[in-house]
Amino acid sequence: MLTLTTAQCSHQGSRASNEDALGFRVRDDDACFVISDGVGGQAGGAIASRLAVHWSLQQLDDKQSYGLQAMTHGSVDAADAAIVAEQRRNPERARMAATVVALFIDRRERMAQWIHVGDSRLYLFRRGHLLRRTQDHSLAAQLQQVGLSCGPDTAHLLSHALGQADTDNIEPGAACTLEDGDAYLLCTDGFWSGLDDAAMQRCLQVAGNVADWVTLLDDQVRQRSDCDGTQDNYSALGVWVGDPQLVTRAHRD
């Protein structure tokens with residue numbers, strides 16, 4: 001059976017509370033890893049992120065959702081529906097919203113697929129080097145695609161989020177075959193905004209296991225926040241596939 005090892009971190013930073021949520025479930029045949037960030041400034045953000053995580057994981061227990069494609073689509077649909085239902089029950093939370101990124105793995109077929117909404121990200125490293133990264137659903141990402149930049153006040157404005165009635169056209173990433181030594185990182189914007197791709201690779205290439213990798217990355221984010229004096233909530237979930245030693249020795253090949 002395909003070996004999966006995981007580690008996580010989640011901190012409130014300099015905020016009054018932590019509106020990030022994360023979770024995972026590993027079963028004999030499949031697994032799901034998910035992370036979510038409550039949209040800042042909106043009442044109920046912490047509730048929205050917890051609902052997103054819960055209903056993404058619930059897809060593994062839903063016998064109607066068989067296969068990676070069904071589970072990835074189903075996770076967004078179920079999480080969005082749960083957040084909208086909570087909005088209707090509690091008018092003070094009518095604008096609650098959350099980002100989400102979920103990774104589903106078929107352990108028997110050695111396949112993976114993921115889906116995301118908003119600016120929480122998934123990174124895939126293979127043989128110690130970055131292979132894929134999700135593209136943010138944000139104003140900053142849209143402007144970057146056409147060669148423009150945006151100011152700090154608009155950098156984190158989202159074009160899509162759970163609970164904002166705009167997830168119908170969200171598509172999962174292409175399913176991919178897993179290889180020994182693949183390393184996945186799921187994280188919120190408070191985490192990735194303090195790191196560049198090169199720093200993530202360097203930490204991966206010296207880490208002895210997934211816990212060491214997440215700890216090294218966490219330390220990098222903390223160092224930046226100590227310099228800046230402010231820090232958003234930040235959370236990360238690392239997943240190593242197969243033989244973890246292949247991750248750390250690949251860069252020497």
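What is the mean pLDDT of the protein chain, and what percentage of its residues reach 70 or more? The mean is 87, and 87% of the residues reach 70 or more.

**Confidence**
- Over residues 249-253, pLDDT stays under 50.
- For that stretch the model has 5 contacts beyond four places in sequence.
- Where pLDDT is low, the predicted coordinates should not be read in detail.

- An open sheet is formed by 5 strands in the order 2-3-4-5-8, with antiparallel pairing.
- Its edges are strand 2 (20-26) and strand 8 (176-177), each of which pairs on one side only.
- Strand 2 and strand 3 (residues 30-38) run antiparallel and are joined by 7 bridges.
- Within this pair, Leu22 stands opposite Ile35 of strand 3.

**Helices on the sheet**
- Helix 1 (residues 45-58) packs on the sheet and touches strand 2, strand 3 and strand 4 (98-106).
- The direction of helix 1 makes about 170 degrees with that of strand 3.
- Helix 2 (residues 68-89) lies across strand 4 and strand 5 (111-117).
- Relative to strand 5, helix 2 runs at about 25 degrees.

**Nonpolar cores**
- In soluble globular proteins, nonpolar side chains tend to be buried together.
- The largest nonpolar core in this model has 24 residues.
- Val34, Ile83, Val100, Phe104, Val117 and Leu162 are the residues with the most contacts inside that core.
- At least two residues of this core come from each of strand 3, helix 1, helix 2, strand 4 and strand 5.
- Helix 2 gives the most to the core, supplying 6 residues.
- Not counting residues up to four places away in sequence, Val100 touches Val34, Ile35, Ser36, Ala52, Ser56, Ile115, His116, Val117, Ser120 and Leu162.

**Gln87**
- Gln87 counts as buried because its relative accessibility is 11%, and the cut-off for buried is under 20%.
- Beyond residues up to four places away in sequence, Gln87 touches Arg93, Ala94, Arg95, Met96 and Gly163.

Terms used
Residues numbered from 1 in each chain as written. Predicted model: local features only at pLDDT ≥ 70, side-chain atom pairs only at ≥ 80, totals over all residues. Heavy atoms only, no water. Pairing = 2+ DSSP bridges. Helix = DSSP H or I, 4+ residues; strand = E, 2+ residues; numbered from the N terminus. Contact = heavy atoms within 4.5 Å. Axes fitted to C-alpha atoms, helices over the stretch in contact; angles between N-to-C directions. Core = buried A, V, L, I, M, F, W, Y, C linked by side-chain atoms within 4.5 Å. Buried < 20%, exposed > 50% of the residue type's maximum accessible area, 1.4 Å probe, protein only. pLDDT = per-residue confidence, 0-100.
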